[in-house]
Amino acid sequence: MSAPYPFTAVVGQDDLRLALLLNAVSPQVGGVLVQGEKGTAKSTTVRALAGLMPEVEVVPGCRFSCNPSAPDLSCPDGPHELGAGVQRSTALVELPVGASEDRLVGALDIERALAEGVKSFEPGLLASANRGILYVDEVNLLPDHLVDVLLDAAAMGAAYVEREGVSIRHAARFLLVGSMNAEEGQLRPQLLDRFGLTVEVAASRETDQRVEVVRRRLAYDDDPAGFAAQWAGEEAAVRQRILAARELLPKVRLGDGALRQIAATCAAFEVDGMRADIVMARTATALAAWAGRTDVLAEDVRQAALLALPHRRRRNPFDAPGLDEDKLDQTLEESSGDDDPDPDGPGGGGGQPSPDAGPQDSDGGAAASEGGESAGTGAGAGEQAPVRAAEPFRTKAFNVPGIGEGAAGRRSRARTAQGRTTGARRPQEALTKLHLAATVQAAAPHQRVRGRSGAGLVLRRDDLRQAVREGRESNLVLFVVDASGSMAARQRMSAVKGAVLSLLLDAYQRRDKVGLVTFRGSTADVALPPTSSVDAAAARLESLPTGGRTPLAAGLLRAHEVLRVERLRDPARRALVVVVTDGRATGGPEPVALAGRAARLFAAEGVASVVVDCESGPVRLGLAGRLAGELGGTAVTLDELRADSIAGLVRDVRGMPRRAA
């Protein structure tokens, strides 16, 4: 096994390294969420942290890494007697995206529990990570219920497994690190808030720094052991500094002035709840300990705010991330107390992660965008500049009819691992959710033949029954937006964009994937392939220009092709097509007939669809209603799209009365 890449050899990424080191000093900070573009050493830096962590002493043979001087009283491998332990390196456990709940929290042998009354428990990844590091790459792609379980364990320091009345608890104290690329989808704000700190990373735009990154990486790939040996001194120094900061941490004083600055900052930035205040206090204290001081300074509070607040300010996926540093400085100055130590005194500067006294490389965080991409299909005759979207609103909930088997979400009915129990069946693979009543009913007629003599039930594996559960799935919501000249009135297009933005927000809340196809002029474009990032879709929508003819057939055919490709990638995910148009079709021979034939392709394949009728004015042609009929879906006007427009809020998108043409 090759030596891991040294933590101190990572070039730049100062904020990331600092956030990780602060959690190493004080795990109560609450973990780190690393967001950024691909190829920015997110995973490399996190994995390198394990090599810096001090060794831990564990009870020999304990699968839960209990501390021999203070063993967990409820440890499933206990009780443990006080005594000498064994030293081992800090564990780094990685949670794969496709992991099941049983793989995460552990699994109980239900058959032995029912037949013998024995709690036979197979520990999961949370047990392996106890007193170590748990790293979740692409945490935004994990199912929500797994993220909830993960964050609950991190907050409580314990994991609980409940299966049909059989309960297991064990310690689960770990440093939680998650990484993600926001282009692939965001975490819900409630889950973002559970991470103590967040860091945005980006590749450096400085030539010299990029050269150094490549030089070091090539040297490591050629000789991992030799490269690690070159950095052994720096690694040992940082390791000793972590130990020293841990010893100093209980002695750090968080004065009333610093506390007032923390509270004023959280209030000024209108963050929800009190978790931000607590995390900032712990982070500022850890910063002081890392700098070798026993007092928290204003600069510690400022650095803590930059790490703890940006992700807590996002209340929906369209809010811009980040923190206004001018506002932060003004708030800190206005709320500064008199009992703070002299900020210019010795020991200042808690923000640098390197143990060296020399200057640090810095990539300065996210780089400014370089040039702008041309939005749309290019300038043409009659093209109008993009208009801003109207304010979003709560929309009706459109569901795909029938029962699916797609990924867990909040839109359409589906057979899922979570939800209400609707029946039982024989397990086709490993048993995951026992249907106790059905299992007992299957075993009961055979007890005499099996020679039952005691209180226990004599079970066989073929008696076990899997619970069939029904919940909600996420879908692919594919928007097909008319950007032609007939939609180009500024007030009208603003309302249309506001409606699509509202539907995007609804898709975000229901955990859907989204895609965007636009058509105007003579062609249709895939403005955004199917993705979990609704904020990316909103950005493309905002820059959408209008003008030209209305190639409705081209838009529908392009959408049909997108669905065909996506069906190959993810056959279980059902689609909902949302066509936003006034129903007009122009350009080319027989545009209306071509559009009708394209629409009937969706109807023949049973694809659920909605037409948002954007026609306005006193005289209406009803073309959108006709298009909905061809699609086999339904049509709603912009006014009817609002959830408060009529009493009924939830409707399936087929089998409904359609508006008359």
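Biologist: Where does R448 lie?

Modeller: Helices (DSSP runs of H or I, at least four residues) and strands (E, at least two) are numbered from the N terminus. R448 belongs to the loop between α15 (436-443) and β14 (466-473). The model is predicted, so local features need pLDDT of at least 70 and side-chain atom pairs pLDDT 80 or more, while totals for chains, interfaces and linings use all residues. Residues are numbered from 1 along each chain as its sequence is written, and side-chain values use heavy atoms, without hydrogens and water.

Biologist: Is R448 buried or exposed?

Modeller: Buried means under 20% relative accessible area, exposed over 50%, and partly exposed in between (1.4 Å probe, protein chains only). R448 has a relative accessible area of 80%, so R448 is exposed. Its C-alpha atom is 9.4 Å from that of V458, 10 residues apart along the chain.

Biologist: Which residues touch the most other members of the largest nonpolar core?

Modeller: Such a core joins buried Ala, Val, Leu, Ile, Met, Phe, Trp, Tyr and Cys residues through side-chain atoms within 4.5 Å. Among the 55 residues here, they are L20, L21, L49, V177, M280, W290 and L309. Helix α12 (residues 275-290) supplies the largest share, 10 residues. A second, separate core has 38 residues, including C66 and L150.

Biologist: How do β16 and β17 pair?

Modeller: Pairing requires at least two DSSP bridges between two strands. Strands β16 (residues 513-520) and β17 (residues 523-531) are antiparallel, with six bridges. T518 is opposite D525 in β17. The two strands form a hairpin with two residues between them, and G521 in the turn has a positive phi of about 70 degrees.
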